[in-house]
Structure formats: structure tokens, C-alpha cells
Amino acid sequence: MVVVDKTKLEALFSDIVQWRRYLHTYPELSFQEVHTPVFIAEKLESLGLEVKRNVGGRGVVATLRGEKPGPTIALRADFDALPIEEENEVSYQSQNPGVMHACGHDGHAAALLGVATVLAEKKQDINGAVVFLFQHAEEKPPGGAQEMIKDGCLDGVDAVFGAHVATDIPLGQVNVTSGPIMAAVDAFTIHVQGKGGHGARPHNTKDAVMAGTQLVTELQQIVSRRVDPMDTAVVTVGVFQAGTAFNVIADSAHIEGTVRTFNETTREQIEEEIRAIVKGVEHSTHVSCDVDYLNGYPPLVNPEYETKVLGEVAAGTLGEDAVISAPAALGGEDFAFYLQERPGQFFHVGARTEDENTQFPHHHPRFNFDEEALLNIGKLFMGLVERYLSK
Ligand SMILES: [Zn+2]
Ligand SMILES: [Zn+2]
């Protein structure tokens, strides 16, 4: 029976803050993480855990085997930064120009190191095993999660949990919500190839502007006429480039857009509809088109049972008032890939206070958060371990 003494984690708070600030000072971009995983792996090795480096490229996986048999649960922290120039004037300001931990992944890694440190001393009380997943490249599709899964990071794992600090949630609260909570984020590009010519002789051309604008308009019919109105989806065209002069019929046009969905079937449906509309416009306007559809991350869907478990753990750990339920958002998260493979839960943990420095949105050059949130993430993870690895 694990009885996790959460005061042990509180006693580690200054270390957790120090680790977070160290990682914050030396941020590394997605798929370019070199020093961050080494820092993490060395800390985990010093705790006597089984550590695998370079999992799926740059990830680090540590396993803590309890002395008695039982299930295995995985806890995940990401550790990559963003291409943003930091504007915070803090002692731990980024020393890597143009790179910043502006999403809180530095904190996720530090909080999980704190949990590993406390649990490493509880081996004799653990019925089962805890797998610590430190993941590279969350911010950039195709993302690190898929690579780590392919490399076996979920082998033997029964359930997987991940947390994210959130500056849109007050400190002390945690978003406990089941179902689709984050959207699938896809991107598409359409190259329209017509045949340019004189503006006064349209019958000798294939007008790429006309074909392109027809495409933009018809793409808006997908959500309004094809998708079930009870479902949520967005099709946005953000780029339309064509033409060079008032009296020249454009030879080609370039279109880019994004698709956001919560439902995997709708997501596939929309891609098919885009391709069908393109075929129709090719047929009626005589241009030819190339469609490039990039699947980003799938929708993140929290299964119901684990939401219930998390809700109980959160109420028990942080108090009944801590548990909130927030509407789904259209951001993406590659934790969705873990939840396609295993049951589990992804949750947002409040990190905002009255201090205006904790109120900037994620991915902002002044993003920062109240570090107490890291203790709350740690306590929730420990509560989940307690719940799953006790008899
Ligand atoms: Zn982010
Ligand atoms: Zn993030």
C-alpha cells in the first residue's frame, strides 16, 4: 500500500523551482533538445531508477518497480520550448536567443522530477510500477509522443496521465473534464494550376483566380451543409495568393487553411469533402489542383472512468472546490496519441494568481506562471499513483 506523504514533495519545493528555472534559462526547440534530456536522465539515474535515454529520438523513460506486483501507470511531462524571444525580466530569463519556455513545459519536467524523487524512496510500498515519461517535441507536429510510443514507451503500461499548467485557470483549481477536450489540428494546402493569359481573352485561359475563389467559397459549405450541426468543426482558409496585374488572368493560385475537429469521423469526412470539392472545381473550371492534407494531432479525448478517478483524487488532494470543469478548447496536444493507445487522463492545472505576471496566455513572450502550480501537479500525480498502486 503506497501512502504518499505529500509533505515530502512540499519539502522539495525549492529544488523543483530550481530545476524549473534552470530548464527555463536554457530552453531548447522541439526536435533539437540535447541538454534538457541529459539533465533529466542524470537526475533520474541518481535516484536509482531504470533509465532509458533517446527513446523515440530524444525522450527519457524511467521505471520505478515496486517490491510487490501490481499495475503499471505512466506519468508524462513534456520538455520542449518555443521559437519566441522572451520578454520577462527575471533572473532565470532565457539565455538562448529566440527560444523560450513559453508554455510551461519546463515546469512539467521539474514537477515530474519531484514526484520521481519522492516515490523513489517508496519502492517497498508500491504494488506495481510507475513509468516516468519525459517527452521531447510536443509543440511541433508530428510530435515526440508518436515516436516514443513506436519505441515502446507504453509497453506494459495500464494507464497514462499527463498534466499541463494553465494561466487561464486560477491557482488551486484543476480542470476535470471527460470527453473531447482539445481539438484535432490539421493543415491543408491547395495549389491551383490554371493557364494564364490576356485579361481580354478569357476564353483562351484557365482562370486560377476564379477557380480558387470558387474553392474558398465551396469549402465553407463543408461545415454548414455536410457536418452534423450537433458536432463542432472549423474550416478556415487563412492564405489566398494569386495574380500579378489587373489585366492578366492568373496562371496559378495558392490556398492554405486549417481544419479543427473533435471527432475522428468528422475529421476524416472533412478531408474527403475537401478533396471532392477540389475535384468538382477542377471539372467545371478546367484547372488542375494538388491537395496536400497534413494530419497534425488527433482530438484529445478523456475517457470517463479516469475522469471520475481524477476528480476523486483532486478533491481529496486539493479540496472539493479545486475541481472545475471547463469547456473544450481548439488547441492541440500530442498527449492525444497516448490516449489512443491506453486509458488515462490529461488535465489542466491552474497557475494564475492576482499577480499580472501569471496572467499572460501560453505562447506569449511574457508567459509565466505561479510555481506553486508545480506542487499541485506533483500532488495530483502522487494521488493517482496512490490510487492505482494500492491494494
Ligand atoms: Zn504550447
Ligand atoms: Zn504545452
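A residue counts as partly exposed when its relative accessible area lies between the limit for buried, under 20%, and the limit for exposed, over 50%. The views below all show a predicted model.

**View 1. Residue G280 in helix α7.** The residue G280 is found in helix α7, which covers residues 264–285. Along the chain G280 and E218 are separated by 62 residues, while in space their C-alpha atoms are 10.0 Å apart.

**View 2. The zinc ion (ligand 2) and its donor residues.** Three residues coordinate the zinc ion (ligand 2), namely C103 through its SG atom and H105 and H164 through their NE2 atoms, at 2.1 to 2.5 Å. The spacing of these donor residues in sequence can be written as C-x1-H-x58-H. How exposed or buried is H105? H105 has a relative accessible area of 0%, and because buried means under 20%, this residue is counted as buried.

View 3. C103 has a relative accessible area of 8%, which is under 20%, so C103 is buried.

**View 4. The packing of helix α3 with helix α4.** Helix α3, made of residues 35–46, packs with helix α4, made of residues 105–119, at an angle of about 10°, and their axes are 10 Å apart. Because angles under 35 degrees count as roughly parallel, α3 and α4 are described as roughly parallel to each other. From α3 the contact involves F39, I40, K43 and L44, and from α4 it involves A109, L113 and A116. Sorted by class, the residues of this contact of α3 with α4 are six nonpolar, no polar and one charged.

**View 5. The crossing of helix α2 and helix α10.** Helix α2 (residues 13–25) and helix α10 (residues 372–388) pack with their axes 10 Å apart and at an angle of about 110°. Since angles of 65 to 115 degrees count as roughly perpendicular, α2 is roughly perpendicular to α10. The crossing of α2 and α10 is right-handed. Which residues of the two helices meet here? On the α2 side they are F13, I16 and R20, and on the α10 side they are E372, L374 and L375. By class, the contact of α2 with α10 has four nonpolar, no polar and two charged residues.

Methods
Residues numbered from 1 in each chain as written. Chains lettered and ligands numbered in written order. Predicted model: local features only at pLDDT ≥ 70, side-chain atom pairs only at ≥ 80, totals over all residues. Heavy atoms only, no water. Axes fitted to C-alpha atoms, helices over the stretch in contact; angles between N-to-C directions. Helix = DSSP H or I, 4+ residues; strand = E, 2+ residues; numbered from the N terminus. Parallel < 35°, antiparallel > 145°, perpendicular 65-115°, else oblique. Contact = heavy atoms within 4.5 Å. Nonpolar A, V, L, I, M, F, W, Y, C, P; charged D, E, K, R; others polar. Donors = N, O, S within 2.8 Å, 3.2 Å for Na, K, Ca; no water. Buried < 20%, exposed > 50% of the residue type's maximum accessible area, 1.4 Å probe, protein only. Left-handed = near helix turned anticlockwise from the far one by under 90°.
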